[in-house]
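This report describes selected structural features of one protein model.

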Amino acid sequence: MSYKEALQYLDSFVDFEKFLHQVNGRDFSLDALKRVLARLGNPEKKIRSIHIAGSKGKGSTSACTAEILAAGGYRVGLYTSPHLYDVRERIRILSPDRNDGQHELFTGCISTEDFADTIEAVKDALEESHEKITYFELLTAAAFVYFAENKLDCVVLETGLGGRLDATNVVESLVCAITRIDLEHTSILGDTVEKIAEEKAAIIKECCSRVVSVPQLPEARSVIIKKSDCCQVPCIWVGEDLMIEKIFHAGGKTAFTLVSKMQKYEFELVETSDYQLVNIAAAVGIVESMREYGLVVSCTDIQKGVRKFFWPARMEFISREPLVIVDGAHTAFSVERLCDTVRTRFEGQDLTLIFGACLGKDKRGMMEAFANHAKNVILTQACHERADPLGDQWIEPFLAGRGVSIYRASDVKEAVETGLSLTGLEGILLVTGSLFVAAEARAVLSKILLRKS
């Protein structure tokens, strides 16, 4: 099977990521995937895994955890979703001796040859078993095959959706983590924070030695505590067991102190948001917990891994003149925190915002979060099946009532061009609302800014 044939085969499977707004919880089951994995020799049982769930920040936490462990001298598998530009971004191996390409956004991606081979292995198992699985389940099985064959020190797995019935939840993880839980995918996961937390906390099992959690809403926190107590798994809390102190932002850098029960760390990294520091703290808590399994990382290497950590489209500064920031925030809470951070850090500068959301998301909540911050808002949509056209009649009156100037763009390219013209050199251009919008904006901005350089 060639790489092109592997992509064509993968694309022939049902991809819930493209129409999650039409899916409900009854569409998910792990039974077929488990039978396929059994035919493959249960590769998921041959890896030592770290499992991470949450509504926001789980990708950042996963990537940071993998970078720290790699800096400590270990070969680490990293499985994340969705991808920005290339499906191979989802399946990576970070090793201490890897050469990071100067222009390579994601290092350690599975090669086209290995991708084709692992997809073909899953294809053979499917043909033998006559099972029906989804696009994400096929990719997850392929990732397990690839990671098991490479005999890694550990694997970091980001859940795709929820936790209880997510394809990644077939593993018995050594350590798990829960990032911020908010209302999301309510037709699938439940219509309250408590119900959603129950789905995500299902990655906590008796096999885990620790669960690390960021600060949570009270109803989510109580669910996590109940589940961890039931499984007799100690819970480590960012903000209590891991304290973030002395945060400084200056000269394009962010410096902060993190104090755990084991160590005091001093970090300096490329400028980022305060809420990203919470994800970094969770990653440090995960790495400290892995000491029990012989994966010991020194303070110096933890600092090195955090410095190297980069997760695109998460308060990413694309340009300084003009000031352009891209962030894939897609919940009301995350958009509010993002806008607060930008306006506080760059006080007095007018904010032009490019906004596009996915169907089924809390767009009213996100608009309420940014309406009091933005001078101009450009409404647009990504080139994706789940893109929301934002055609609701309440949107213009709602934003105009807050004194916001409203523009519409048929696509992200037009939105970026309009945004740059409105922003000038004195203002701020912020792109948010969807990771798909953020990814397209990054690509467009890179071309525009490259032409100007």
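Predicted model: local features only at pLDDT ≥ 70, side-chain atom pairs only at ≥ 80, totals over all residues.

The volume of the largest cavity is about 70 Å³. Its lining is formed by Thr80, Pro82, His83, Leu84, Glu89, Arg90, Phe106, Trp311, Pro312, Arg314 and Leu435. By class, the lining residues of the largest cavity comprise six nonpolar, two polar and three charged.

One of the lining residues, Pro82, also takes part in a cis peptide bond, which runs from serine 81 to proline 82 and has omega near -10 degrees. Proline 82 is placed in the loop between strand S2 (76-79) and strand S3 (91-94).

## Nonpolar cores

The largest nonpolar core contains 69 residues, and the members that touch the most other members are Ile68, Phe267 and Val416. Helix H15 (residues 435-452) supplies the largest share of this core, with ten residues. Apart from this core lies another, of 39 residues, which includes Ile119, Ile133, Leu139 and Val155.

What does phenylalanine 267 touch, when residues up to four places away in sequence are not counted? The contacts of phenylalanine 267 are Thr254, Ala255, Phe256, Leu258, Val284, Ile302, Gln303 and Val306.

## Salt bridges

In the whole structure, 21 salt bridges are found. One of them joins the side chains of lysine 200 and glutamate 184, with an N to O distance of 2.7 Å. Lysine 200 belongs to helix H7 (residues 193-200), whereas glutamate 184 lies in the loop between strand S5 (175-178) and helix H6 (186-189), so this pair ties together parts that are 16 residues apart in sequence. Lysine 200 is buried, since its relative accessible area is 1%, under the 20% limit for a buried residue. Glutamate 184 is likewise buried, with a relative accessible area of 6%.

A salt bridge also links arginine 210 with glutamate 292, where the closest N and O atoms are 3.8 Å apart. Arginine 210 lies in strand S6 (residues 210-213) and glutamate 292 in the loop between helix H9 (274-289) and helix H10 (299-308); the pair therefore ties together parts that are 82 residues apart in sequence. Arginine 210 counts as partly exposed at 28% relative accessibility, while glutamate 292 counts as exposed at 51%. Elsewhere, the side chains of arginine 88 and aspartate 86 meet in a salt bridge at 3.4 Å, N to O. Aspartate 86, at 25% relative accessibility, counts as partly exposed. A network of salt bridges links Glu271, Asp274, Arg320 and Arg345.

## Backbone geometry

A cis peptide bond also runs from glutamate 321 to proline 322, with omega near 0 degrees. Proline 322 is located in the loop between strand S11 (316-320) and strand S12 (323-326).

Glutamine 232 is not a glycine, yet its phi is about 55 degrees. This glutamine lies in the loop between helix H8 (218-230) and strand S7 (235-237), and at 73% relative accessibility glutamine 232 counts as exposed. Lysine 246, likewise a residue other than glycine, has a positive phi near 50 degrees. Lysine 246 is placed in strand S8 (residues 243-250) and counts as exposed at 52% relative accessibility.

Is glutamine 216 buried or exposed? At 13% relative accessibility, glutamine 216 counts as buried, because the limit for a buried residue is under 20%. Glutamine 216 is found in the loop between S6 and H8.

Leaving aside residues up to four places away in sequence, glutamine 216 touches Ile178, Thr179, Arg180, Ile181, Arg221, Ile224 and Trp237.

Technical notes. Residues numbered from 1 in each chain as written. Heavy atoms only, no water. 1 Å grid on protein atoms, 1.4 Å probe; cavity = no way out; pocket = protein on both sides within 12 Å on 5 of 7 lines; lining within 4 Å. Points joined across faces, edges and corners; volume = space filled by probe spheres on them. Nonpolar A, V, L, I, M, F, W, Y, C, P; charged D, E, K, R; others polar. Core = buried A, V, L, I, M, F, W, Y, C linked by side-chain atoms within 4.5 Å. Buried < 20%, exposed > 50% of the residue type's maximum accessible area, 1.4 Å probe, protein only. Helix = DSSP H or I, 4+ residues; strand = E, 2+ residues; numbered from the N terminus. Contact = heavy atoms within 4.5 Å. Salt bridge = Lys/Arg side-chain N within 4 Å of Asp/Glu carboxyl O.
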